[in-house]
Amino acid sequence: EKACFNSCSAGAIIDLDHFDLAACSRFRLRENSPCADQCSARLACPYNKEHQYREDQIKYHSKVSLDLLKLYSN
């Protein structure tokens, strides 16, 4: 139950209508963060698995978003 919520290492998923973007961003910016190149909550989500990105696509989009977080967090 709530696989997506429980898999969020940052604890950023509050409920279906609330996501703590700041908590997610801080966690992703940590050194050796497990969320740097993927989102464990998205990977654990059982809904629409058939539409989930391939691993190379996940890594690419995660890198781009992490690079932007680094750029704008300074």
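A pocket, as the word is used in these legends, is an open set of grid points with protein on both sides within 12 Å along at least five of seven lines, and its lining residues have an atom within 4 Å of a point. The model shown in every view is predicted.

**View 1. The largest pocket and the residues around its centre.**
The largest pocket is lined by 29 residues. Nearest its centre lie Gln38, Cys39, Ala41, Arg42 and Leu43. The volume of the largest pocket is about 800 Å³. Sorted by class, its lining consists of 16 nonpolar, ten polar and three charged residues.

**View 2. Helices that line the largest pocket.**
Four helices, H1 (3-7), H2, H3 and H4, each give at least two residues to the lining of the largest pocket. Which helix supplies the largest share of this lining? Helix H4 does, with five residues.

**View 3. Helix H4 along its length.**
Helix H4 runs from residue 55 to residue 73 and has 19 residues. From its first C-alpha to its last, H4 reaches 26 Å, which is close to the 27 Å expected at 1.5 Å a residue. Glu55 lies in this helix. Glu55 counts as exposed because its relative accessible area is 58%, and the cut-off for exposed is over 50%. The C-alpha atom of Glu55 is separated by 8.9 Å from that of Gln38, and the two residues are 17 apart along the chain. Gln38 is also among the residues that lie nearest the centre of the largest pocket.

Ile58, Ser62 and Leu66 are buried in H4. Why do they lie on the same side of H4? They do so because they cover an arc of only 55° around the axis. In an α-helix there are 3.6 residues a turn, so residues three or four places apart point the same way. The cover over the buried residues of H4 includes helix H2 (21-29) and helix H3 (40-44). On the other side of H4, the exposed residues are Tyr60, Lys63, Leu71 and Tyr72.

Ala44 is part of helix H3. Its relative accessibility is 25%, so Ala44 counts as partly exposed. Leaving out residues up to four places away in sequence, Ala44 touches Ala3, Ser7 and Lys49. Between the C-alpha atoms of Ala44 and Ile58 the separation is 13 Å, with the residues 14 apart along the chain. Ile58 is one of the buried residues of H4.

**View 4. Ala3 in helix H1.**
Ala3 has its place in helix H1. With a relative accessible area of 32%, Ala3 is partly exposed. Residues up to four places away in sequence aside, Ala3 touches Ala44 and Pro46. Ala3 and Ala41 are 38 residues apart along the chain, and their C-alpha atoms are separated by 7.3 Å. Ala41 is among the residues nearest the centre of the largest pocket.

**View 5. Asn32 in a loop.**
Where is Asn32 found? Asn32 sits in the loop between H2 and H3. The phi of Asn32 is near 60°, a positive value in a residue other than glycine. Is Asn32 buried or exposed? At 71% relative accessibility, Asn32 counts as exposed.

Key:
Residues are numbered from 1 along each chain as its sequence is written. This is a predicted model: local features need pLDDT of at least 70, side-chain atom pairs count only at pLDDT 80 or more; totals for chains, interfaces and linings use all residues. Side-chain values use heavy atoms; hydrogens and water are left out. The expected span of a helix is 1.5 Å times one less than its number of residues. Buried means under 20% relative accessible area, exposed over 50%, partly exposed in between (1.4 Å probe, protein chains only). The arc is that of the directions from the helix axis to the C-beta atoms. Contact means heavy atoms within 4.5 Å. On a 1 Å grid over the protein atoms alone, a cavity is a set of points where a 1.4 Å probe fits but cannot get out, and a pocket is an open set with protein on both sides within 12 Å along at least five of seven lines; lining residues have an atom within 4 Å of a point. Grid points are joined across faces, edges and corners, and a volume is the space filled by probe spheres set on the points. Ala, Val, Leu, Ile, Met, Phe, Trp, Tyr, Cys and Pro count as nonpolar, Asp, Glu, Lys and Arg as charged, and the others, Gly among them, as polar.
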